[in-house]
Amino acid sequence: MAGRRRVPGGSAAAMRCLPLVSLLVALVACGGGPAVDGARAEVQALLDRRADAVLGEDAVAYARTGTRAGYDSLREVPLADWSYRVNAVHRTGDTATVDADLGYRVEGYDRAPVTTARTLRLSRDENGRWAVVSDRPARKSGRQLWDQGAVRAVHGERSLVLGVGQGEGKLRDYAALADRAVPAVSDAWGPGWARRIVVLVPGSLEGMAGLLGSPASSYRGIAAVTTGETGAGPRAPADRVVVNPDAFALLGGPGRQVVVTHEATHVATRAHTTAATPLWLSEGFADWVGYRGGGHAPAEAAPELARTVRHGEVPSGLPADGDFGFTADADGLARAYESGWMACRLVAEHWGEERLGAFYRAVGAHGQRDGAVEDAMKRVLGTTPEEFTVRWQGYLREQLG
């Protein structure tokens, strides 16, 4: 298990560098290695016991390793793995600051551990035993859901919803949305993905921002985002759909379903989304799946883009990645998403839904951004970016003008 290795203490060879002086002088002359390694080994053993207590749901054993804070917050999280790897011990007398990596897996969802950096404060008693005083996210590392309070877990048929500060009924509503989203995504994309999702519901926008390690202003008005590693293989941790409950609460029932289905699409397409994939395609495809089959008229689902087209301001080209920045103006961000959706809708209507999926996969398989869209359009759609742009502009006039 990651993080369970022991760091050896001083060797006989190291101690022979000054064999005739006192132990204190020997430690100084040899760089202090044995003392530092000894403390690191002690701390690693302590954190191993703490991790075993988490997995064993042993509150007494956990308390023996130091503060009990955080234990109750984790009790409902279905953990398959929990371990620490000590990277550095900064000791000052009977106190220490520890830099460590926490690795954990959620049972039934994570095929590999999620790894996050932690900073732990330790103290040592008169008998020389170390104890954990605090365990917090490292600087510039996002908070975990249980850092924000007691986690409540709700299991859906195809989903796991973990929430803080949320009632069980509300979390079950999220699970129902997720359970409907999964088969809808599989119908559009195909069955070649995990077909289950993890949804995190913090108590507020600020809680969402804390999970993502960004300012709250970056996500104001954003109902949800999906975190994960693009181009990841089958042994990657599961993506997390992170909800902004403040913005989500402003949506009606159909809008909530579109959002969750959109995010579930990102989970499904993650392995085929690479640095070669432009955001107009990844976001547009997710919106296309979200709206698919819902009977949404283009002008209803793309109001900002429709407004500009009706004023004769047809976009000169597909949106750039920078147009999707969460710090952009709200109207411009909406037009970027709507433009991508209309582009994918055009492909699905003119070339067929299977070709749209094949186009998405072909772009992601290109390996680099330059030439990816051009090559995929030529091979899968039999067109060029220039021809496609002209057809897309005409489609916007026809559908939104």
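Q: Which residues of α10 are buried?
A: The buried residues of α10 are W280, L281, S282, E283, G284, F285, A286, D287, W288, V289 and G290, where buried means under 20% relative accessible area, exposed means over 50% and partly exposed lies in between (1.4 Å probe, protein chains only). This is a predicted model, in which local features need pLDDT of at least 70 and side-chain atom pairs count only at pLDDT 80 or more, while totals for chains, interfaces and linings use all residues. Residues are numbered from 1 along each chain as its sequence is written, and side-chain values use heavy atoms, with hydrogens and water left out.

Q: How many residues of α10 are buried, and what does α10 pack against?
A: Eleven of the 13 residues of α10 are buried, so α10 is largely enclosed by the rest of the structure. Contact means heavy atoms within 4.5 Å, and the buried residues of α10 pack against α6 (168-189), α9 (253-269), α13, α14 and α15.

Q: How many helices and strands does the chain have?
A: Helices (H or I, at least four residues) and strands (E, at least two) are DSSP runs, numbered from the N terminus; the chain has 16 helices and nine strands. Of its 401 residues, 49% are buried.

Q: What span is expected of a helix, and what does α16 reach?
A: The expected span is 1.5 Å times one less than the number of residues in the helix. Helix α16 (residues 385-400), with 16 residues, reaches 21 Å from its first C-alpha to its last, close to the 22 Å expected at 1.5 Å a residue.

Q: Which residues of α16 are buried, and which are exposed?
A: In α16, the buried residues are F388, T389, W392, Q393, Y395, L396 and L400. They cover an arc of only 160° around the axis, which puts them on the same side of α16; the arc is that of the directions from the helix axis to the C-beta atoms. E386, V390 and E398 are exposed on the other side of α16, whereas the buried residues pack against α11 (298-301), α12 (303-310), α13 (330-350) and α15 (372-381).

Q: At what angle do α14 and α15 pack, and which residues make the contact?
A: Axes are lines fitted to C-alpha atoms, for helices over the stretch in contact, and angles run from 0 to 180 degrees between N-to-C directions. Helix α14 (residues 353-364) and α15 pack at about 145°, with their axes 9 Å apart. The contact is made by R355, A358, F359, A362 and V363 of α14, together with A372, V373, A376, M377, R379, V380 and L381 of α15. By class, this contact of α14 with α15 has ten nonpolar, no polar and two charged residues, where Ala, Val, Leu, Ile, Met, Phe, Trp, Tyr, Cys and Pro count as nonpolar, Asp, Glu, Lys and Arg as charged, and the others, Gly among them, as polar.

Q: Are E57 and K140 buried or exposed?
A: E57 counts as exposed at 63% relative accessibility, and K140 is exposed with a relative accessible area of 79%.
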